[in-house]
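Please look through the structure shown below, keeping the sequence beside it as you read. The briefing that follows takes up one topic after another.

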Amino acid sequence: MSDERKLIVERSGPVTTVTLNRPEVHNALDRDLSEQLNRAVREIRDDRECRVVVFQGAGNTFCAGDDVAEFNTWEDGIFGRQIRMYQETSKIIEDLTAMTIAKVDGIAVGGGLELTLVCDFVVATDRSRWGMPEIDWEITPGWGGTNRLAWFAGRRKAKEWNLIGALFDAETAERHDLINRLTTPERLDAEVQALIEVLLEKNPRTLERTKKCLNYGADNIAVGLALESEWIGRYPTEGIADFPIRERREQRRKLSNTFWQD
């Protein structure tokens with residue numbers, strides 16, 4: 001846990017919760033918080049007992065991206081170093097063995113929106129607000145807002161949101177595949193907890209391998225198919241011993257069969 005409390009990292013069994021804790025500025029990322037987040041995700045990457053990571057913001061808001069008020073104090077060369085660190089942080093999160101969930105309420109703009117793009121799941125409230133306003137601060141996005149965003153929403157919307165900079169509502173974000181589950185503020189905790197319970201019922205090695213197939217095969221189907229073949233080919237030697245007993249399979253299916261089907 002951070003001594004300065006700008007970032008709060010809490011572990012409960014196999015679940016780690018990472019809370020951005022600057023609610024007075026919509027959890028904007030100053031240099032200190034950005035460095036703490038980078039260190040935290042490095043530690044989580046090396047924690048083999050962690051199975052789920054939840055990223056959230058304090059004070060009923062997620063993250064407003066960079067703390068632009070700090071920019072005037074930066075010396076030459078800091079921008080480049082910050083961007084490289086941001087990109088490293090996002091890549092570590094994207095590649096984590098653990099499943100990752102962005103728990104979004106309030107503002108999710110700029111770097112906050114980009115943070116959600118590298119999470120496996122996004123659960124958000126119907127009052128959340130989204131956007132890429134960097135253009136009006138004369139900034140080019142540095143966490144993947146010009147490329148990862150297009151993977152989800154397509155090039156047309158990625159250009160619109162980055163070049164105009166308008167904010168948009170949660171329904172629009174959901175319609176363009178930025179959100180898995182849209183809920184009310186009152187239901188947000190329960191929805192995230194339900195998702196965690198489903199994920200913890202799965203075999204962690206199978207989750208890890210399937211996640212890698214999905215991530216690495218997104219732009220190259222040949223890579224994805226090769227990974228599928230490699231890991232499925234290992235099943236007779238690795239999988240049989242871990243194949244769940246009937247009761248466990250029934251419990252998994254009970255949780256999964258109609259999940260998010262309402």
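The largest cavity has a volume of about 50 Å³, where a cavity is a set of points, on a 1 Å grid over the protein atoms alone, at which a 1.4 Å probe fits but cannot get out, and where a volume is the space filled by probe spheres set on the points, joined across faces, edges and corners. This is a predicted model, in which local features need pLDDT of at least 70 and side-chain atom pairs count only at pLDDT 80 or more, while totals for chains, interfaces and linings use all residues. Residues are numbered from 1 along each chain as its sequence is written, and side-chain values use heavy atoms, with hydrogens and water left out.

**The cavity**
- A search of the whole structure finds one cavity of 30 Å³ or more.
- The lining of the largest cavity, meaning residues with an atom within 4 Å of a point, includes Glu94, Asp95, Lys211 and Tyr216.
- Helices α2 (78-95) and α8 (204-216) each supply at least two lining residues, and the largest share, five residues, comes from α8; helices (H or I, at least four residues) and strands (E, at least two) are DSSP runs numbered from the N terminus.

**Overall make-up**
- The secondary structure of the protein comes to 11 helices and nine strands.
- Of the 262 residues in the protein, 47% are buried, which means that they have under 20% relative accessible area, as judged with a 1.4 Å probe and protein chains only.
- Among contacts (heavy atoms within 4.5 Å) between residues at least 6 apart in sequence, 70% join residues at least 24 apart.

**Strand β6 and its partners**
- Strand β6 (residues 121-125) is largely enclosed by the rest of the structure, because four of its five residues are buried.
- Strand β4 (residues 99-104) pairs with β6 in the parallel sense over four bridges, pairing being counted if DSSP finds at least two bridges between two strands, and Val104 stands opposite Ala124 in β6.
- Strand β9 (residues 181-183) also pairs with β6 in the parallel sense, over three bridges, and Thr183 in β9 is the bridge partner of Thr125.

How values were computed
Buried < 20%, exposed > 50% of the residue type's maximum accessible area, 1.4 Å probe, protein only. 1 Å grid on protein atoms, 1.4 Å probe; cavity = no way out; pocket = protein on both sides within 12 Å on 5 of 7 lines; lining within 4 Å.
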